[in-house]
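Q: I am new to this structure and would like a close look at one part of it, its aromatic rings. Please take me through them carefully.

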Amino acid sequence: MSLVVNGCTDDPPTQGTPSVSAQATSPRPGTPSPTPEPVRLPDDAPSLSDVIPAPATVRAADDDNFALTKRTTISAPGDAKAAGDYLADVLRPATGFPLRVTSGEDDTADIRLVLREGGDQQDESYRLEIARDGVTLSADNAKGLFAGAHTLRQLLPADIERGKTVDREWAVAGGVIEDAPRFGYRGAMLDVARHFFGVDVVKRYIDRVAQYKINHLHLHLADDQGWRIEIDGWPKLTEVGARNEVGGGKGGFYTKQQYREIVAYAASRGVTIVPEIDMPGHTNAALTSYAKLNCDGKAPPPYTDTKVGFSSLCIDKQVTYEFARDVITQVAEMTPGPYLHIGGDEANNTSDADYRKFFSKVLPMIVKAGKRPVGWHEFAKADVPRSGVVQYWRIEAKDGPTRRQADSGRRVLMSPANKTYLDMKYEESNPWGNSWAGPVNVRTAYEWEPTQALAGVGDGEVLGVEAPLWTELVTTEDEIERMAFPRMQAIAEVGWSKDTRWEDFRQRLSGQAKRMTAQGIAFHRDSGVPWS
């Protein structure tokens, strides 16, 4: 048995860490049966080193493979239950096994999810031990258990993703994975304002991204073209502002109940929703809905084009802040996660003085609502609270306001458009996709360093990475998937793995083709990847 760190052989486990083979020869307390016979690994079973994002440490044990059967049970006591339920939910359809999940301590269970006592509640690290007689997944908190569950899912053959029963053997390679993320925030953004996508589409997108340890989904809920969330006391936002989208489609919106359903579903996959209500610009849908939000008291017509920077809330009207307070308070109440995104980008029709005045009144509302304000990096010129997060989206390597905020203790979320924007073309020859920051192929999305992307914003200042998907040119779920995958896997690994190497990644990514196909993901076969 050798120790492999991202493919490199190293020393055996440190003293005090029991080897996998030693664990396999001693049944757990309360287990009356002898050690099971060796399990043959099927030819299509992934190795422990095939996982995306790449785990920190892998120790393979070829004779300690584990087999799922119809008698397999899962123990997930206390706060481990959500991750245990998730694991069972994703494994049941293809195996056809009941995979009973018990919420009490059960040393006889075949798969045990264990919460370590006294651990760091923000730490997503986990330890996954796979042996003949069972699997033990341990972590300090539920976040770590979800991360380990995503890994265990990928260690089963790609048939596990088919969604219907497949009559075959289900085995997992034996060994130990010890893993932890580089950055705590690994995000995807879905723009539902330019084109609207319903609850089921959003849920499937959550499923698609969560399996690669993306742990935040940023929903862009309002823009010039459409308003997508129900707000009590402001019914015209959905009666009028939601009935449009780019190109003149019918639009749509989420009721409060539907939004809560999305939030709860995301949580059941280990994903936190980050809602965005863009202000003071990108607000034509709100201005169309309520004439009183305009300085001249006249509502502009609905907007279905894609040009930006022309709209603004009326900075000097008290009703503007009544509107902002109602929206922020209600969205915050529906969102248990710590972040609320306030946009702030491309407010070209708002003077700098008015811009700062607006945010001096609005950012305290977010803090009062118990949230950390997030804004596109233009809002760095405002008085950002200490808890605030600046999301950098441009392609320039320098930005004075963002650097000053970082120097003052604010965290920076890295989304440089020429590396992370999923609406960009993969290749210049593509007939679809934007091109102003591109093209962005998979290698481009993978080969960049978040702590070196912006001058003066280094290791201590970067909160994480996020891959936005703007939908001016995206109208269907298949188009979402084509633009997101496989670049999403690249961004996920940049955010999670400390050691990233393109040649290794492209080989592992090629093996994901069967997995994505089994899930029905309409991914793009980037020419830089040797697809299997």
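How many aromatic pairs does the structure hold?

A: This is a predicted model, and the structure in it holds 20 aromatic pairs. One of them joins Tyr421 and Trp436, whose ring centres are 6.1 Å apart and whose planes stand at 90°, so this pair is edge-to-face, since planes over 60 degrees apart are counted that way. Tyr421 and Trp436 are 15 residues apart, and each lies in the loop between α11 (417-420) and α12 (442-446).

Tyr446 belongs to helix α12 and Phe505 to helix α15 (residues 502-510), so their pairing ties together parts that are 59 residues apart in sequence. Both of these residues, Tyr446 and Phe505, are buried.

Aromatic residues also come together in a cluster, which is made up of Tyr321, Tyr355, Phe358, Phe359 and Phe379. Tyr355, a member of that cluster, has the charged end of Lys381 sitting over its ring, 4.5 Å from the ring centre. Elsewhere, Lys213 lies over the face of Trp496, at 5.5 Å from the centre of the ring.

Key: Residues are numbered from 1 along each chain as its sequence is written. This is a predicted model: local features need pLDDT of at least 70, side-chain atom pairs count only at pLDDT 80 or more; totals for chains, interfaces and linings use all residues. Side-chain values use heavy atoms; hydrogens and water are left out. Rings of Phe, Tyr and Trp (its six-membered ring) pair if their centres lie within 6.5 Å; planes under 30 degrees apart count as stacked, over 60 as edge-to-face and the rest as tilted. Helices (H or I, at least four residues) and strands (E, at least two) are DSSP runs, numbered from the N terminus. Buried means under 20% relative accessible area, exposed over 50%, partly exposed in between (1.4 Å probe, protein chains only). A charge sits over a ring if NZ of Lys or CZ of Arg is within 6 Å of the ring centre and within 35 degrees of the ring normal.
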